[in-house]
Amino acid sequence: MNIKNICCIGAGYVGGPTMAVIALKCPEINVTVVDSNSDKINAWNGDTNCLPVFEPGLSEIIEEVRGRNLFFSSEIDESINKSEMIFMAVNTPTKTDGEGAGMAADLRYVKACAKNIAKVATDDKIIVEKSTLPVRTAEKIKEILNNEGNGVKFEILSNPEFLAEGTAIQDLFKSDRVLIGGDKSKSGQAAIKSLLDIYSNWIPKEKILTTNVWSSELSKLASNAMLAQRISSINSLSALCEKTGADIDEVSRAIGMDHRIGPNFLKASVGFGGSCFKKDILNLVYLCKYYGLDEVADYWLQVVKINNFQKNRFFHKIIKSLDSERKNVCLLGWAFKKKTNDSRESAAINIADLLVDKDINVKIYDPMIKSEKIFLDMKNLWNSKGFSKSKIKRLINKITVYDFHLDAIKDSDVIAILTEWEEFINYEWSRFEKIANKNYKIIDGRNILKHLQLQNNYYSL
Ligand code: NAD
Ligand code: UGA
């Protein structure tokens, strides 16, 4: 099928950047990104300095292609119907109720997309799963499309996204691989070719891998699990380093120089965050249990358990360094990693929760995340724990968010580093002696301030 019009459902961290890059690299294709959240669509159509997603290099691309062959729209039905290929890039969070709650992926948004497509499509379409999905989801999507459709033909492809936030544009420009899973049938192979032709505009053919649908769906979950497993492995060893006098950065370097292991994803941290690692591993664990593979499920669950252990270990490091009457802790960083405006599942949220629970005043600064978002993150967490309105109000009063780092540092007993923002490395740390409280401690959850390690108030992981 010759693709002239693409519709992408979901204008989030994946839909926005991926479609911007497709529009840039394929000027002959019209790409429309739709979303049920009209505020988000308005923001995508607004000032490029305030796009809903911050990614280095993204605003420049949007300026070039928006209105040329990239459009953001709330006209979902119209956009679906005029497109030959439809990407589903909607969120797939962990289920919060019903069977599999707390583990399985919530497919309600994906199913809603399928129902919508089935309702409005009046000619044949290729449907592309861009969201991360449990293996065999394509089967369920097919069932909805065929049962509720208007007799038109749908071909379903799996094309998971591997971009990481903060480097999304460079990841999309130079993907390690593009994965396309499709049916072995003639029409399935033709659909694969249509998508392959799009990526071939900028991705070398040898990096485009075609598989069956189930391999593609599972490879995405497995990739995230393997990446997170490396972080939990190194974080688990950081605890042993603390007991033995070994240095985790030196150990990490020594391990990573073995070319069979490699250096990436071996940086010890306060614990991995982000919207996907935890939810995708839990989803994998659920699938393993579903298929009766309890040992395999336990193995992967341990990656999440070590991540929780690491966050708790960091919290106890803060508590241990506070005298009983000292109660001001400054958290530098709220984003789950540098170069993103995303704080989903950030370790900072858990640390703030644990501190506030101990009646400690938490003073927060992040160069990119606004105070409204930080308070919303905390309220969402406490609502999910079933806390009353009055309790949430009391807890919120223990938190202050600052626009300027010196205000957050002022009168602090502990300065804890939660995100590895460059600006934290470049601060003139010697100035803080006069601003923070006497005998204040620096607790570095990212090991980025090792140049301070000769100071007796500095603690790394
Ligand atoms: P997101 O929450 O940023 O965006 C999803 C968007 O879909 C939201 O704006 C929501 O309003 C919209 N939406 C939901 N249901 C809809 C519907 N029925 N009709 C129209 N719009 C609808 O999510 P995201 O971070 O972009 O992630 C999307 C998927 O991609 C997830 O499955 C995630 O696991 C996967 N993924 C994410 C990343 C990442 O870096 N964030 C990377 C790779 C894969
Ligand atoms: C991750 C994967 O890297 C992407 O390939 C994948 O597409 C994406 O999840 C997804 O499916 O959502 P992302 O979460 O954006 O990308 O960012 P990462 O760079 O993987 O970092 C995740 C977390 O791990 C961050 O909190 C980061 O600080 C932490 N991390 C990362 C470490 O603690 N140590 C490391 O060595 C690397």
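1. How to read the numbers. Residues are counted from 1 along each chain as its sequence is written, while chains are lettered from A and ligands numbered from 1 in the order in which they are written. In this predicted model local features need pLDDT of at least 70, side-chain atom pairs count only at pLDDT 80 or more, and totals for chains, interfaces and linings use all residues; side-chain values use heavy atoms, with hydrogens and water left out.

2. The shell around ligand 1. There are 27 residues around ligand 1, and Asp35, Lys40, Thr92, Glu165 and Lys279 come nearest (a residue is near if one of its heavy atoms lies within 4 Å). By type, the shell holds 11 nonpolar, 9 polar and 7 charged residues. Helix α5 (residues 108-120) gives the largest share, 3 residues.

3. The side chain of Lys279 places an N or O atom 2.6 Å from an oxygen of ligand 1. For Glu165, a side-chain N or O atom is 2.8 Å from a nitrogen of the ligand. Tyr13 takes part through its backbone, where a polar atom is 3.0 Å from a ligand oxygen. Taken alone, ligand 1 exposes 830 Å², and the protein buries 90% of that (Shrake-Rupley method, 1.4 Å probe).

4. A patch on the surface. Tyr290, Tyr291, Leu293 and Val296 form a nonpolar surface patch with about 420 Å² of accessible area together.

5. Tyr290 itself. Tyr290 sits in helix α11 (residues 277-290) (helices are DSSP runs, H or I, of at least four residues). Tyr290 counts as exposed because its relative accessibility is 58%, exposed being over 50%.

Technical notes
A polar contact is a pair of N or O atoms within 3.5 Å; within protein, one must be able to donate a hydrogen and the other to accept it, and residues adjacent in sequence count only if both atoms are side-chain atoms. Helices (H or I, at least four residues) and strands (E, at least two) are DSSP runs, numbered from the N terminus. Ala, Val, Leu, Ile, Met, Phe, Trp, Tyr, Cys and Pro count as nonpolar, Asp, Glu, Lys and Arg as charged, and the others, Gly among them, as polar. Patches are made of residues with over 30% relative accessible area and no salt bridge: like charges are joined within 9 Å, nonpolar side chains (Val, Leu, Ile, Met, Phe, Trp, Tyr) within 5 Å. A salt bridge is a side-chain nitrogen of Lys or Arg within 4 Å of a carboxyl oxygen of Asp or Glu. Buried means under 20% relative accessible area, exposed over 50%, partly exposed in between (1.4 Å probe, protein chains only).
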